[in-house]
Number of protein chains: 2
Amino acid sequence: MDASLLTIQPNAPEPIYRQIVEQLRRLIASGQLVTGDLLPSVRDVAGFHAINPMTVSRAYGLAENEGLLERLRGKGMAVAATQRAAHTQVQRLALLEPQLLELARHARELELPPDPVLRRLSKLLEE
Amino acid sequence: MDASLLTIQPNAPEPIYRQIVEQLRRLIASGQLVTGDLLPSVRDVAGFHAINPMTVSRAYGLAENEGLLERLRGKGMAVAATQRAAHTQVQRLALLEPQLLELARHARELELPPDPVLRRLSKLLEE
DNA sequence: CCATGTGTATCAATACAACAATACACTAGG
DNA sequence: CCTAGTGTATTGTTGTATTGATACACATGG
């Protein structure tokens, strides 16, 4: 459960704290993180990625509000007990829906036929 | 060439001026806008979408810097002469590449197999 | 000429993200 | 007990991004 679990892009337009929350949501939904798993400490994550501990704390706090994580006083943050099991495939696919919609809209503005888009994505998904 | 050509989502995280630039890029790449086409005036767009004229002007200015548009003094903005023709399919697909990469990364974090993702996208692309 | 239409330079207001430096409450383990 | 490890509240600062209000320069067309 080390700090390298999280991928952070400091230059992305999306703020760091939200990158962390979204990533946790997906890792939990897929079952890569399960109930009880202890997360890396805010200081570990901050040190590893050279960011501010409070930024990580903010992300953890938001994840707790959403019910993704729970706080174990003195120990750290863990995946919440309410997250019993990995989501079904349908539920996980639903998390991708907004992105899929936006992609489809852009493809339409580009007047791209479905086929080349699907083929390119298929290629990327296999790596 | 009226102001309804552009779609704007004021509540999206992406800033309005960038929504406009990106959209222009795609409409020009696809040939829906061709060299010489006159764009709706900043005040028309601003009035129609209830946003500030300066926000539209900023978008037009950026698009001009990129060579997408050119300024016809006293008349308005038009699609630049350097944009001779619609891009090839390969070029247009390249504009989607960053979004496709991010989508693939998220699908991997969700441990979603390629098939359901591709099927859902295929459905959305046909509408 | 002048009324009306362009785009835009300038300045201000606001919000947000991230950082920094503390200090605090809590717990596990020696 | 006490040290070292949790997360977090607080305060302040910095940098940046976005949007807005206003005034201006310019060109067109009657």
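This is a predicted model: local features need pLDDT of at least 70, side-chain atom pairs count only at pLDDT 80 or more; totals for chains, interfaces and linings use all residues.
**Chain A on its own**

- Let's start with the parts list: chain A has five helices and two strands. Helices here are DSSP runs of H or I with at least four residues, strands are runs of E with at least two, and both are numbered from the N terminus.
- Reading from the N terminus, the elements of chain A follow the order α-α-α-β-β-α-α.
- The C-alpha atoms of chain A fill a box of roughly 55 × 35 × 25 Å along the principal axes.
- Chain A is assigned domain 1 (3–79) and domain 2 (89–125), with bounds that come from an automatic or database domain assignment.
- The centres of domain 1 and domain 2 of chain A, taken over C-alpha atoms, are separated by 27 Å.

**Where chain A meets chain B**

- The contact (heavy atoms within 4.5 Å) takes 38 residues from chain A and 39 residues from chain B.
- About 4200 Å² is buried between chain B and chain A, and carbon and sulfur atoms give 64% of that area. Buried area is the accessible area (1.4 Å probe) that two parts lose on being put together, summed over both.
- In chain B, the residues that lose the most area to chain A are B:Glu109, B:Leu110 and B:Leu125, together 16% of what that side buries.
- There are 18 residue pairs in polar contact between chain B and chain A, with both residues at pLDDT 80 or more. A polar contact is a pair of N or O atoms within 3.5 Å; within protein, one must be able to donate a hydrogen and the other to accept it, and residues adjacent in sequence count only if both atoms are side-chain atoms.
- Helix 1 (16–30), helix 4 (89–109) and helix 5 (114–125) of chain B are the elements that give two or more residues to its side touching chain A. Helix 4 of chain B gives the most, with 17 residues.
- By class, this side of chain B has 20 nonpolar, eight polar and 11 charged residues. Nonpolar covers Ala, Val, Leu, Ile, Met, Phe, Trp, Tyr, Cys and Pro, charged covers Asp, Glu, Lys and Arg, and the others, Gly among them, count as polar.

**Salt bridges**

- Over all chains the count comes to 12 salt bridges, each a side-chain nitrogen of Lys or Arg within 4 Å of a carboxyl oxygen of Asp or Glu.
- Four salt bridges are counted between chain B and chain A. One of them joins the side chains of A:Glu97 and B:Arg120, at 2.5 Å from N to O.
- Within chain A, A:Arg119 forms a salt bridge with A:Asp115, with the closest N and O atoms 2.9 Å apart. These two residues are separated by about one helical turn because they sit four residues apart in helix 5 (residues 114–125) of chain A.

**Around DNA strand C**

- DNA strand C is surrounded by 24 residues, the closest being A:Ile16, A:Asn52, A:Arg73, B:Ser41 and B:Met54. A residue is near a strand if one of its heavy atoms lies within 4 Å of it.
- Sugar or phosphate makes up 64% of the atoms of DNA strand C within 4 Å of the protein, and the rest belong to bases.
- A side-chain N or O atom of B:Arg43 is 3.0 Å from a base oxygen of DNA strand C.
- Helix 3 of chain B gives the most to the surface near DNA strand C, with four residues.

**Around DNA strand D**

- Of the 23 residues around DNA strand D, A:Ser57, B:Pro15, B:Tyr17, B:Arg18 and B:Asn52 come nearest. Sugar and phosphate account for 75% of the atoms of DNA strand D within 4 Å of the protein.
- An N or O atom in the side chain of B:Tyr17 is 2.3 Å from a phosphate oxygen of DNA strand D.
- For A:Arg43, a side-chain N or O atom is 3.1 Å from a base nitrogen of DNA strand D.
- The largest share of the surface near DNA strand D comes from helix 3 of chain A, with four residues.

Terms used. Residues are numbered from 1 along each chain as its sequence is written. Chains are lettered from A and ligands numbered from 1 in the order in which they are written. Side-chain values use heavy atoms; hydrogens and water are left out.
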